[in-house]
Amino acid sequence: MVNQIFYVITVPMVYVAVAWCLVGIAVKVARVAKAPAHPFTLKVFPDKDHPVPSAVWGALSMPTVRRHNPTFWVFLILFHLGVAVLILAHLDLLPWFNIYPEDSPHMIGNGAVGVVVTAAILYFLLRRFASPLREISVPADYLLLFLLFCVAMSGDIISWANSWSENGFVLTKQDFGGYLDGLFHFSWADPAETIDGGHYVVLVTHVFLANLFLMVLPFSKIMHTFFAIPLNKLRRG
Amino acid sequence: MDAKLKQELIQTFSERLSQAAKMYLENCSRCGLCIEACHAYASSPETRYTAVGRAQNIRRIYEEYFKKGKIAKKLNEAVELSDHWMEKVYETAYTCTGCRRCMTYCPFGIDTGVIQGIAKMLLITANMEPKTLTMLADMSIAKGKTIEKTKANFAIAAKNLEKEVLERWRSEGGEEVVPLDVQDADGLYVALAGKHSIIPAAAIMNAAKEKWSLSYFEAVNFGAFVGNPAKTNEIAGRIIEEAKRLNIKEVVICECGTAYRVMKHMSGEKPFKVITFAELIARYVEQGRIKLDKSKLPGKVTYHDPCQIARQGGIYEQPRYVLNQLTDHFVEMTPNRQANWCCGGGGGLVAMGEKDFRMKSAKVKADQVKATGAEVLCTACENCHTQLSDLNEHYGLGVKVEYLSDLTAKALVQD
């Protein structure tokens with residue numbers, strides 16, 4: 001029974017979560033695109049000569065945060081850069097996507113990137129318990145950050161704490177690569193048949209939490225990933 | 001609240017959901033950065049008066065009626081429309097000055113003005129908006145409809161101002177001192193109701209030998225203050241029609257920030273340019289069409305950037321250029337330009353009275369003025385002028401609050 005649940009989580013649920021997430025994002029973006037444009041300009045001055053590149057740079061580098069709350073900015077930049085590296089690191093697990101040496105047992109960043117991301121999420125979560133942020137936060141803010149924290153923490157256990165055992169990596173980059181490759185090619189193979197060891201349950205937990213996150217994403221404020229640039233463009237005219 | 005009204009409010013809300021509004025309502029991460037941006041919070045730390053605090057009152061209604069999922073609604077603290085909730089909406093909507101300083105803090109640039117625009121429309125639909133503002137807006141509209149009947153009286157009133165204008169600047173022989181209905185004029189000057197808004201401007205334009213005409217309509221747009229787009233457009237439309245009829249090149253808005261923003265940025269494409277009076281003065285000085293005497297303005301002078309012409313209009317340098325021609329003792333406020341603190345009187349607050357709240361919420365502005373050590377506090381917006389004068393009295397700042405136009409007119413060199 002447990003094996004069957006693990007299989008459902010690591011294979012069919014991944015497909016459902018990814019499809020759900022992609023359709024959800026598309027619907028959300030389409031709904032905004034279908035709405036009428038605002039009847040007048042929303043820019044603030046001084047205006048920019050090149051509003052589009054400026055909006056892209058503004059969305060990526062968050063200059064207003066740097067100016068007004070440098071500590072928060074450092075954590076935001078670490079978090080966003082870390083997530084970008086982690087996306088690459090997950091792709092790099094695929095046997096045919098080689099950024100790190102093919103025979104390396106490590107993910108890109110040797111697990112450190114995930115730890116940085118986890119620390120940043122913890123900071124985002126803890127600051128919400130302090131006033132005045134506590135007064136403007138809603139339960140969804142805490143739960144989303146908690147879910148993200150759990151995803152990151154379980155990922156850390158796989159990619160970093162995994163190497164703490166005496167015999168080195170219990171599960172290696174190649175093990176995860178085989179699993180991801182199977183998913184990518186719709187082999188429907190049970191990863192438990194190729195990935196073994198005591199840490200498999202951590203992998204299942206990580207995948208389950210990541211599935212949940214993907215399913216929640218289109219309904220959450222993480223959608224700012226797709227709207228940060230158009231929003232910044234409005235301010236720039 | 002009855003079901004019919006609730007339905008009408010949901011309909012009103014849905015009609016206000018532009019692309020921008022949807023993005024603003026769905027993407028705020030409640031990071032709290034905007035909290036520090038609001039002068040009301042900086043003066044009296046209550047989160048309900050912050051941009052995010054105000055927006056949450058609307059965002060929570062949005063969660064209830066425009067988002068799906070029972071659990072998501074609970075987690076996002078969705079609320080149903082009720083009389084009690086509408087009172088909360090009122091409290092935060094009509095205490096926001098629309099200064100949009102929070103936009104310069106928000107990493108996404110969320111415009112509180114757009115969200116409070118929804119709030120104000122909901123209150124109008126519920127017949128809960130401040131009646132003073134609606135009444136003033138309706139009076140402006142009514143005046144537009146009966147203008148032909150009142151033109152003769154207006155001409156007499158304009159004629160009565162001539163003496164005071166001539167005291168500031170003698171007109172060229174044979175020319176009208178306060179001209180009306182001038183076809184093909186270079187500038188249509190749109191003043192406020194009150195001679196203080198006409199006399200210095202007339203003196204300056206006459207000194208510059210401008211071909212100008214005084215508008216029959218007052219510039220102020222109470223439709224914008226109350227938050228009613230239809231009334232806003234109707235009030236602005238009277239001036240637009242007048243400018244078209246006279247084939248005007250440039251509409252010059254007097255020292256009224258909201259009137260400028262509405263005419264320049266919120267009224268669509270127009271066959272004429274729109275400028276502030278501060279820009280026109282700067283142009284005259286730059287072109288040598290007027291000369292100013294620096295001895296007329298003794299003491300340290302500082303300048304308050306009115307939000308609606310500065311942050312919302314980009315008019316930062318022209319008033320400073322003029323002031324530097326009027327004095328050698330100009331000092332900046334800190335912060336200034338885009339980061340300047342709002343005076344706390346915008347968004348209709350001055351027109352509504354609300355003196356206790358205005359004084360309490362603008363302490364940070366009073367402190368900012370005090371820190372300059374200036375004796376003269378200059379601005380280029382009537383709303384700001386009234387609020388700054390009240391702050392001056394309330395906090396004992398000991399400054400003289402002056403209009404840029406008035407300082408300029410008093411310093412005109414008679415050649």
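A: **A parallel sheet in chain B and its surroundings**

In chain B, four strands in the order β6-β5-β7-β8 make up an open sheet, and their pairing is parallel. The edges are taken by β6 (330–331) and β8 (400–403) of chain B, each of which has a single partner strand, so one side of each is left without a neighbour in the sheet. Two strands are taken to pair if DSSP finds at least two bridges between them, while helices (H or I, at least four residues) and strands (E, at least two) are DSSP runs numbered from the N terminus.

The model is a predicted one, in which local features need pLDDT of at least 70 and side-chain atom pairs count only at pLDDT 80 or more, whereas totals for chains, interfaces and linings use all residues. Residues are numbered from 1 along each chain as its sequence is written, chains are lettered from A and ligands numbered from 1 in the order in which they are written, and side-chain values use heavy atoms, with hydrogens and water left out.

Within this sheet, strand β5 (residues 301–304) of chain B and strand β7 (residues 376–379) of chain B run parallel and are joined by 4 bridges; H304(B) in this region stands opposite T379(B) of β7(B). A cis peptide bond, with omega about -5 degrees, joins T334(B) and P335(B), and P335(B) is found in the loop between β6 and α17 (349–352) of chain B. As background, most peptide bonds are trans.

Chain B contains another open sheet of 4 strands, in the order β2-β1-β3-β4, with parallel pairing. Here β2 (212–214) and β4 (273–276) of chain B are the edge strands, each pairing on one side only, and the twist from one strand to the next averages 25 degrees. Strand β3 (residues 250–253) of chain B pairs with β4(B) in the parallel sense over 4 bridges, and V251(B) has V274(B) in β4(B) as its bridge partner. Helix α14 (residues 257–265) of chain B lies across β3 and β4 of chain B, at about 160 degrees to β4(B). Helix α15 (residues 277–286) of chain B packs on the sheet as well, touching β1 (187–190), β3 and β4 of chain B, and its direction makes about 85 degrees with that of β4(B).

Chain A is built in another way, with 11 helices and 0 strands, and its C-alpha atoms fill a box of roughly 60 × 35 × 35 Å along the principal axes. In chain A, the peptide bond from S131(A) to P132(A) is cis, with omega near 5 degrees, and P132(A) lies in the loop between α6 (112–127) and α7 of chain A.

The contact between the chains takes 43 residues from chain A and 46 residues from chain B. The area buried between them (the accessible area, with a 1.4 Å probe, that two parts lose on being put together, summed over both) is about 3,900 Å², and carbon and sulfur atoms give 64% of this area. F45(A), I136(A) and L231(A) supply 18% of the area that chain A buries against chain B, more than any other three residues.

Between chain A and chain B the count is 2 salt bridges (a side-chain nitrogen of Lys or Arg within 4 Å of a carboxyl oxygen of Asp or Glu). R30(B) forms a salt bridge with D141(A), their closest N and O atoms being 2.8 Å apart. D141(A) forms a salt bridge with K221(A) too, where the closest N and O atoms are 2.5 Å apart. K221(A) lies in the loop between α10 (200–216) and α11 of chain A and D141(A) in helix α8 of chain A, so this pair ties together parts that are 80 residues apart in sequence.

Terms used. Axes fitted to C-alpha atoms, helices over the stretch in contact; angles between N-to-C directions. Contact = heavy atoms within 4.5 Å.
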